[in-house]
Amino acid sequence: VCSMGNSTSRLYSVLAKTLSSGAVSQHQDCLEQLDPARLDPIDPKDLLEECQIVLQKRPPRFQRNFVNLKKNTASNHRPIRVMQWNILAQALGEGKDNFVQCPMEALKWEERKCLILEEILAYKPDILCLQEVDHYFDTFEPLLSRLGYQCTFFPKPWSPCLDVERNNGPDGCALFFLKERFELINSANIRLTAMKLKTNQVAIAQTLKCNETGRLFCIAVTHLKARTGWERFRSAQGCDLLQNLKNITQGAKIPLIICGDFNAEPTEEVYREFSNSSLNLNSAYKLLSPDGQSEPPYTTWKIRPSGECRHTLDYIWYSQHALNVNSALGLLTEEQIGPNRLPSFNYPSDHLSLVCDFSFNQDPDRLL
């Protein structure tokens, strides 16, 4: 057995199995060939250390700070940290998205994967909602399950990843929650409809019980149809998702958090539908604005052959009568993102991660 700093060769073997041979070929004689499903839990610090070994030639992570949003609401319970992130499907990043200012070297999976994991490990979410996941079975499920997460994946029926040569299968939505904090009460995989037709977009909705408080809540993740010209289609998909969530939450009796890449600016109809829903939803990242009413100026920023694209498309919606937003992770500044925009050697996706800490309102019915 070879020594890998403070980490075990067993841990390194799991990380290495998800990498191309180039980044770890010098250590191949050290790696144990074990079934990840049968391996022991791993320490997040050890996994982070292994990621940093792979990333040692890359620039350090950007510094982002949490903004305290708590309004004198006393709570004796730990907040629930929720992370939303479109991580950029590997097949799309390399084969379809045409990021003209991003070197192909920056998109190498064996390193970009470690950047994604480093971001997740840095913020330690209790619940993680991802879109464009095309390495679920060989990377995220085996690793995150060993970190204590229960994992669910729902691929798109006709993923564009499958059109890319040497793809890793379809992309889809994935939802992860810490089993020590929550109990799964029920789970629904939803194929969204529009104009009564089944579409290529999906959602996962799970009702969880918080072990500390005994409170139920629903967490959902989705990724709506992309591209200009599909606004009515996205609106129909949003209406279908809201109807499904009304049924699951018994008309908002169960608090709700919805994470997603909506592919829609705040000016679109689907955004207004969520804002005006009977589920009494608010968008958490509005609370970072001075008046609490404006979304961030961007959650994605990239350069394609058609030009520069800076949009606000990603959201964390929540039941404002039942949940409080204690804090939210600030976004990257334009200076941090840099002139070549995203993705880059510093940052693995064209979308920024969103992270919020939630607590339960002590008297949810009073504000419904």
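**A walk through cavities, a strand and pockets**

Hello everyone, let's start inside. The second largest cavity is lined by Ser75, His77, Arg78, Ile80, Thr213, Phe358, Ser359, Phe360 and Gln362. Before going on, please note that this is a predicted model, in which local features need pLDDT of at least 70, side-chain atom pairs count only at pLDDT 80 or more, and totals for chains, interfaces and linings use all residues. Residues are numbered from 1 along each chain as its sequence is written, and side-chain values use heavy atoms, with hydrogens and water left out.

What do I mean by a cavity? On a 1 Å grid over the protein atoms alone, a cavity is a set of points where a 1.4 Å probe fits but cannot get out; a pocket is an open set with protein on both sides within 12 Å along at least five of seven lines; and lining residues have an atom within 4 Å of a point. Grid points are joined across faces, edges and corners, and a volume is the space filled by probe spheres set on the points.

Back to our second largest cavity, whose volume is about 50 Å³. Strand E15 (residues 354-360) gives the largest share of its lining, three residues. The names of helices (H or I, at least four residues) and strands (E, at least two) come from DSSP runs, numbered from the N terminus. By class, this lining has three nonpolar, five polar and one charged residues. Here Ala, Val, Leu, Ile, Met, Phe, Trp, Tyr, Cys and Pro count as nonpolar, Asp, Glu, Lys and Arg as charged, and the others, Gly among them, as polar.

How many cavities of 30 Å³ or more are there? The count comes to two. The largest cavity holds about 60 Å³ of space, and its lining has five nonpolar, one polar and four charged residues. Among the lining residues are Arg61, Phe62, Glu118, Tyr347 and Pro348.

Now to strand E3 (residues 127-133). Is E3 enclosed or open? Seven of its seven residues are buried, so E3 is largely enclosed by the rest of the structure. Buried means under 20% relative accessible area, exposed over 50%, and partly exposed in between, with a 1.4 Å probe and protein chains only.

E3 has neighbours that we can trace. Strand E2 (residues 80-86) runs parallel to E3, joined by five bridges, and Val82 stands opposite Ile127 in E3. Strand E5 (residues 172-178) pairs with E3 in the antiparallel sense, also over five bridges; there, Cys129 has Leu175 in E5 as its bridge partner. Two strands pair if DSSP finds at least two bridges between them.

With cysteines in view, how many disulfides does the structure hold? It holds zero, where a disulfide is a pair of cysteine sulfur atoms within 2.5 Å. Cys173 is in no disulfide, and the nearest cysteine sulfur, that of Cys129, is 8.8 Å away. Cys173 is buried, at 2% relative accessibility, and Cys102 is buried too, at 7%.

Cys173 also turns up beside a threonine. Thr222 is found in strand E8 (residues 216-223) and is buried, with a relative accessible area of 0%. Leaving out residues up to four places away in sequence, Thr222 touches Gln131, Cys173, Leu192 and Asp261, among others; contact means heavy atoms within 4.5 Å.

For contrast, where does Lys196 lie? Lys196 is in the loop between strand E6 (182-194) and strand E7 (197-210), and it is exposed, with a relative accessible area of 84%. Lys196 and Ala236 are 40 residues apart in sequence and 9.0 Å apart in space, C-alpha to C-alpha.

A quick stop at helix H6 (residues 136-146): its buried residues include Tyr136, Phe140 and Leu144. Just after H6, Gly148 takes a positive phi of about 100°.

The largest pocket has a volume of about 940 Å³. Of the 31 residues that line it, Asp97, Ala226, Arg227, Asn263 and Arg304 lie nearest its centre. Elements giving two or more residues to that lining are E7, helix H7 (231-248), strand E11 (300-304) and strand E12 (307-311). By class, the lining has nine nonpolar, eight polar and 14 charged residues.

The second largest pocket holds about 350 Å³ of space. Among its 17 lining residues, Lys124, Pro125, Asp126, Tyr149 and Leu178 are closest to the centre. This lining divides into nine nonpolar, one polar and seven charged residues.
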